[in-house]
Amino acid sequence: MADSNKVLYDILTERLELLRELDKEGDSERRRHVARETSDLHAKLAHRLGLYQIKTEMEDLSLKFTNYNTYKYIAQALNEKKSERDAYIERFITPLREKLTKEGFSFTIKGRPKSIHSIAHKMEMQHCDIDRIYDLFAIRIILDSPLEKEKSDCWQVYSLITDVFQPNPKRLRDWLSVPKENGYESLHTTVLGPDNKWVEVQIRTKRMDEIAEKGVAAHWAYKGVNAGATNIAPNAVYVFTPTGDLRRLPAGATVLDFAFSVHTEVGCHCIGGRIRNQNVPIRQQLENGDQVEILTSPNQHPTQDWLTFVVSTKAKNKIRQALKEVEYKFAAEGREILERRFKNWKIDMDEGRISKMATKLGYKAVSDMFQSLAQGKEDVLRLRETYTQLDEQPAVIHTEKSEYVPKEDLSALAIEVDMNVKNVDYNLATCCSPKPGDPIFAFVSVTKGIRIHCCNCTNAENMRQRYPYRILPARWAKK
């Protein structure tokens, strides 16, 4: 048995011993508390691991300590009907015994009453008295079959049973083809027996019955036999939610892994947890049987550091996704900040130059630069300085002053630049929107060609001081 399963088994057997000891004491709040906790936590874990004998005794004792009147009523009813039940079981199994013997099977057949807790649950769910519960017992057929013939023998016995009694196809449960996660293998069917009473029949082999009754303990004995079917997930840890729901996580899982198993939002805002009435950090590794309560804060958000200690695939994927979303958010905010400031400064924002600027400043990607700006790690004035000082190809310098011509229709005018050049490609700057007749000058832009500005443009002085070599005289002229 794997160490983690051995720990679980020890926890459950110790709890069962505690219940048995409490049965010797009188009624007390302590006894009721232990019973409720056992029913909510330990019995569910025993069921998950296939420890049905432990589970059944835990549930029955818990019911006895928390609702003694119901427990006593069902126990007396079962005891009073024992002789009647035994007689009916014999009537039911006699034709089956004869048929299986005739077919040459080696087997045992036994009838057993359902647990008191199970009957109480049925009474509550069906809102009826015990007399109205038809399946107070189950028939179990246990075959002595070699491993290679187990499944085929079980299905053959199922066929023989349905030849004798009418089956209810809706009640067929096949845990032979796909065993339960805890290794449980069996074939269950419900048939219409004598006196038109429905009877549950379980078909399994000796090996399957050992594992069904003793769970991980039997797995010890059958180690290496059909390991795929009897694997009890040794690399897992079993813990509970505050409401008693069982969760299986990878071995080494932390409080943060558990938080993400509950819900992504719970994980993203997790600041710690409570185990055994003590606050624990998000890095705290979980142990089998822990009941975990998650503590959250709206101000908490995933960090890169979280990826260094979570172990579950779900937690890792959700953390990476959350970090990407934060990166996208900061990148968008940073871009918006730069666009707004450049607009105020009358600076045209060119994507090619932005990329060059990011590289020059040592960023691997433009988005990294925007994130730094949004997070206050980058100075927007440094970005402006770098952007405007990027290396450019120098233009031919002419410093003649622009001449003023009367205002005329734009369609009848052209712009002359550098006196000897006509019909040059140009764009009117949007910062000052020159109109025919306005004194103008030309500014050589790297990516947008020649741009025409008014001489009194708010950006003119800055351009003359920083880039005098890019300024050319320009004038309006007739086409």
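Of the 479 residues in the protein chain, 45% count as buried, where buried means under 20% relative accessible area, exposed over 50% and partly exposed in between, using a 1.4 Å probe and protein chains only. This is a predicted model, in which local features need pLDDT of at least 70, side-chain atom pairs count only at pLDDT 80 or more, and totals for chains, interfaces and linings use all residues. Residues are numbered from 1 along each chain as its sequence is written, and side-chain values use heavy atoms, with hydrogens and water left out.

## The chain as a whole

The secondary structure comes to 17 helices and 16 strands. Helices (H or I, at least four residues) and strands (E, at least two) are DSSP runs, numbered from the N terminus. The chain exposes about 25700 Å², and carbon and sulfur atoms supply 48% of that area; the areas come from the Shrake-Rupley method with a 1.4 Å probe, and for residues only the protein chains shown count as cover. Among contacts with a separation of 6 or more, 63% are between residues 24 or more positions apart, a contact being heavy atoms within 4.5 Å.

## Helix α13

Let us turn to one helix. Helix α13 covers residues 313–344, and its 32 residues reach 47 Å from first C-alpha to last, close to the 46 Å expected at 1.5 Å a residue. The expected span is 1.5 Å times one less than the number of residues. Buried residues in α13 include A315, I319, L323 and F342. Their cover includes α11 (255–262), α12 (264–268), α14 (351–360), α15 (366–374) and α16 (380–388). After α13 comes K346, whose phi is positive, near 60°.

## Aromatic rings

How many aromatic pairs are there? The count comes to six, taking rings of Phe, Tyr and Trp (its six-membered ring) as paired if their centres lie within 6.5 Å; planes under 30 degrees apart count as stacked, over 60 as edge-to-face and the rest as tilted. Here are two of them.

| Pair | Centre to centre | Between the planes | Type |
|---|---|---|---|
| W155 and Y158 | 5.7 Å | 85° | edge-to-face |
| F260 and W306 | 6.5 Å | 75° | edge-to-face |

W155 and Y158 are three residues apart in helix α7 (residues 150–164), so about one helical turn separates them. W155 is partly exposed, at 31% relative accessible area, whereas Y158 is buried at 17%.

F260 lies in helix α11 and W306 in the loop between β11 (292–296) and α13, so this pair ties together parts that are 46 residues apart in sequence. F260 is buried, with a relative accessible area of 0%, and W306 is buried too, at 4%.

F342, W345 and Y387 form one aromatic cluster. R384 lies over the face of W345, at 4.3 Å from the ring centre. In another place, the charged end of K197 sits over the ring of Y88, 5.1 Å from its centre. A charge sits over a ring if NZ of Lys or CZ of Arg is within 6 Å of the ring centre and within 35 degrees of the ring normal.

## Two loop residues

Is T241 buried or exposed? T241 counts as buried, at 7% relative accessibility. It lies in the loop between β7 (236–240) and β8 (246–250). Not counting residues up to four places away in sequence, T241 touches R247, F258, Q291 and V292.

A251 is in the loop between β8 and α11 and is partly exposed, with a relative accessible area of 46%. Leaving aside neighbours within four places in sequence, A251 is in contact with N235, A236, V237 and V311.
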